[in-house]
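Let's take a friendly walk through a protein model together. Have a look at the sequence and the fold, and then follow along one element at a time.

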Amino acid sequence: MPGERLTVRGTSEVGRFPGAAPPTRVEVTIHKEGEKKQEEGGCRRWFRKMCPCCCKPQAGSGKDVTDRVEVVKPPAPEPPKPKPQIDDNNEMEEMMLSVRSVDLLSSKTGQNRQEHHTDLYHGDELIIRRGQTFQMELELNRPFNADTDKLHLDLKTGPLPMVSKGTHVIVPLVEDLEDERWEAKIVEQNGNKVKLSVNSPAKAVIGLYGLTVTTGSAKGEAATTHDSSKNIVMLFNPWCEEDTVFLDDEEERNEYVLNDTGRIYYGTEKQIGARTWNFGQFQEGMLDACLFVLEKSEMPPSGRGDSVNVVRVISAMINAQDDLGVLVGNWSGNYSDGVSPTAWSGSVEILRKYHACDGTPVSYGQCWVFSGVTTTVLRCLGIPARSVTNFQSAHDTDVSLTTDVYFDENMEPLDYLNSDSVWNFHVWNDCWMARPDLPPGHGGWQAVDSTPQETSQGTFRCGPASVNAIRSGQVYLKHDTPFVFAEVNSDKIYWQRNLNGTFSQIHSEKKAVGHEISTKAVGSDERADITHLYKHSEGTEEERIAVETASRYGSKPDVYSTPMAEDVSVEVKMAGEGPRMGADAQLSIVVKNLSSHPRRTTLHSQVAVMYYTGVLKGTVKKDQMPVELMPNEVKTIDWVLPYQQYQDQLVDQAALMLTLSGRVSETQQVLANQTTFRLRTPDLNIEPLGEAVVGKEMAAKITFTNPLPRTLKGVIFRVEGLGLQKGHEVVVGDVGGHSTVTLTEHFVPAQPGPRKLVASLDCKQLTQVHGVADIIVLEQ
């Protein structure tokens with residue numbers, strides 16, 4: 001049929017019995033919904049008669065299939081192993097294997113640097129990103145013999161490398177590379193030269209590694225080592241899905257990782273100014289300087305695999321306040337013994353000077369300089385980052401989450417109490433990462449501020465604070481979320497001293513801070529307003545709920561009137577195993593009134609697509625529902641997300657987060673609920689056919705029905721069974737909406753006992769589809 005094809009990659013498992021393992025045979029059927037079953041064509045009947053061995057009929061084949069393709073592939077012969085060249089005296093055969101030289105293939109124009117997106121960095125060092133394979137070449141004193149020779153790599157970072165800390169890595173030689181582990185594989189061998197492909201896990205420690213190659217023999221004789229003259233620099237990898245800093249948008253990666261210039265905004269909300277800033281993260285000496293900053297922080301190298309830890313340390317090290325970091329802050333107006341903060345136009349000179357002077361802080365910086373340097377360091381290390389400007393930015397000094405202004409009895413300001421302030425503008429940073437240390441939904445953009453304002457756990461630093469947590473007022477989530485929340489969304493509260501010395505609220509401004517939050521747009525020099533990421537629209541009920549939720553965790557929890565009662569509850573329920581992929585998602589919202597009085601509220605709902613790492617991709621649907629409850633009434637509201645609204649939005653794992661919020665009119669009780677749910681995908685159904693006996697051919701039928709009303713493009717099945725058959729791929733091609741695919745696997749069990757045949761489906765539009773069959777294999 002047009003658009004349907006079948007190829008098989010891989011070979012059958014070779015059994016214990018000579019000649020017992022026939023070639024892999026796979027039969028595939030695709031039956032489209034509503035399609036009439038066809039009789040076998042005349043050409044095929046003639047071909048089957050002429051060549052019955054290549055076109056065997058199957059029981060019932062003329063009755064229950066619409067198309068069948070069978071491919072026969074003989075086992076690929078093993079390539080001959082290179083034999084060492086030996087002279088007349090057999091000296092070469094007995095010579096101990098050793099390494100003469102190591103080529104890290106580190107040229108800017110070479111495969112490693114190009115594939116790892118590190119070709120923009122200055123110099124010819126090997127600069128790679130974790131979670132991705134890289135290549136190297138070894139020149140040996142004689143050809144490598146896999147049967148008698150041993151070889152492994154040692155990578156070490158930090159002053160005291162330890163295997164238990166992940167700072168001393170032993171990389172073994174393996175036949176096949178697997179994800180998420182340190183491994184090396186010989187991919188080419190030519191005389192005395194071998195080419196290795198080396199794999200690293202996505203949680204590897206970043207930094208500078210020294211490389212040693214160790215060779216020996218299978219007999220356990222004394223090993224020899226060779227130290228590489230060049231080091232390896234490991235960076236974070238926004239291109240790797242398993243890395244916490246993974247960013248799936250190519251344009252955003254180009255902007256927030258690879259762009260070395262940007263715009264920083266200043267002035268007032270009515271008169272926004274912009275200046276170009278040279279981040280220069282790829283310039284000569286910048287990578288060395290950024291690694292030097294990490295080294296000066298005295299952060300244990302073992303902690304450098306955690307992006308949250310690294311960002312927190314960078315936030316502290318960009319300012320010199322308490323750790324001899326990069327920049328001295330100065331707001332005095334007197335900069336005669338240094339450089340005025342307004343005179344800088346980029347980060348390169350600052351970082352070079354800090355590195356060249358062995359960590360002597362550079363004078364001087366203010367918020368935009370701290371932010372520009374932070375962007376440079378984070379992008380250089382591979383963490384997506386941007387500079388962000390907040391206009392009318394509050395500085396909360398007492399963790400009240402309000403901006404407080406105090407007056408005496410005569411309405412004269414009490415300067416000694418008025419330590420809170422509102423800056424015309426303040427510049428900090430956003431960085432992108434998953435937050436496995438927080439509840440789901442709080443990954444994505446994180447606020448980090450290197451300007452020394454307040455201490456965090458005893459050090460002048462701030463963040464990373466989840467921007468999603470800031471927006472919803474969840475200030476109890478680390479790190480430093482209350483401080484950033486106050487900067488963008490605190491109310492300005494006016495207090496007057498009473499005759500007895502106490503203070504009373506006399507006025508509040510609810511829209512005083514957090515305006516025109518700005519960053520450079522992706523791919524252009526335009527200004528992008530990102531206020532909506534940090535706060536709900538001013539004056540909306542969601543924004544007020546966030547403010548009051550946050551304030552209850554501050555030092556003045558009673559600033560806002562506490563609810564008179566908390567007698568209404570809201571929860572989300574799902575029927576059975578939950579919504580299915582390809583259908584409308586249906587949930588139930590249960591609202592209970594536990595009081596003997598009527599209650600009214602408006603529930604605001606928002607559903608967003610979420611990566612499995614907890615990072616929200618974007619909002620799919622927003623709604624609001626008025627709810628009126630009679631005394632002691634329980635009301636169930638049907639909530640539906642139509643398939644058409646999520647079909648083009650889903651990412652791997654198909655997870656969604658439903659957020660509900662509201663306020664009870666009569667009591668001012670705040671209602672809040674977050675529910676994560678997954679759209680369930682169908683299983684692959686695997687049915688063993690025939691008796692399972694060692695050395696005897698059997699089969700298994702694998703069936704899959706496309707649950708979506710759209711065509712799945714480029715479907716691949718992966719099938720494997722330990723002791724049954726080797727893993728291989730079957731490329732099926734396109735599968736129409738609601739069509740059914742039937743695949744028949746023929747194999748010869750090689751080992752007795754309980755075995756599992758597993759299969760999975762690989763397709764961009766549909767993930768997490770798999771199945772398993774338990775097969776008990778009998779001895780012959």
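How many of the 15 residues of α8 are buried? Before the answer, a word on what you are looking at: this is a predicted model, in which local features need pLDDT of at least 70 and side-chain atom pairs count only at pLDDT 80 or more, while totals for chains, interfaces and linings use all residues. Residues are numbered from 1 along each chain as its sequence is written, and side-chain values use heavy atoms, with hydrogens and water left out.

Now to α8, which covers residues 367-381. Helices (DSSP runs of H or I, at least four residues) and strands (runs of E, at least two) are numbered from the N terminus. Buried means under 20% relative accessible area, exposed means over 50%, and partly exposed lies in between (1.4 Å probe, protein chains only). In α8, 15 of the 15 residues are buried, so this helix is largely enclosed by the rest of the structure. The expected span of a helix is 1.5 Å times one less than its number of residues. For α8 that gives 21 Å, and its end C-alpha atoms are 21 Å apart, which agrees.

Next, look at a pair of helices. Two packed helices are described by the angle between their axes and the distance between the axes. Axes are lines fitted to C-alpha atoms, for helices over the stretch in contact, and angles run from 0 to 180 degrees between N-to-C directions. The axes of α5 and α6 are 10 Å apart, and the two helices pack at an angle of about 90 degrees. They are therefore roughly perpendicular (65 to 115 degrees; under 35 counts as roughly parallel, over 145 as roughly antiparallel and the rest as oblique). Contact means heavy atoms within 4.5 Å. On the α5 side, V293, L294 and K296 take part, meeting V310, V313, I314 and M317 of α6.

In the loop between these two helices sits E298. Most residues other than glycine have a negative phi, and most peptide bonds are trans. E298, although not a glycine, has a positive phi of about 60 degrees. Is E298 buried or exposed? It is exposed, with a relative accessible area of 71%.

The model also has cis peptide bonds. One joins S363 and Y364, with omega about 5 degrees, and Y364 belongs to strand β17. Another joins K478 and H479, with omega about 0 degrees; H479 lies in the loop between α9 and α10.

Let's move on to a sheet. Two strands pair if DSSP finds at least two bridges between them. Here 4 strands form an open, antiparallel sheet in the order β32-β31-β34-β35. Its edge strands, β32 and β35, each pair on one side only. Between β34 and β35 there are 9 bridges, and L660 has N673 in β35 as its bridge partner. Helix α12 packs on this sheet, touching β31, β34 and β35, and its direction makes about 85 degrees with that of β34. In the loop between β34 and β35 you can find Q668, which is partly exposed at 31% relative accessibility.

Finally, visit β38 and β39, antiparallel strands joined by 7 bridges. Their hairpin has 3 residues between the strands, and G723 there takes a positive phi near 80 degrees. In β39, 8 of the 11 residues are buried, so this strand is largely enclosed by the rest of the structure.
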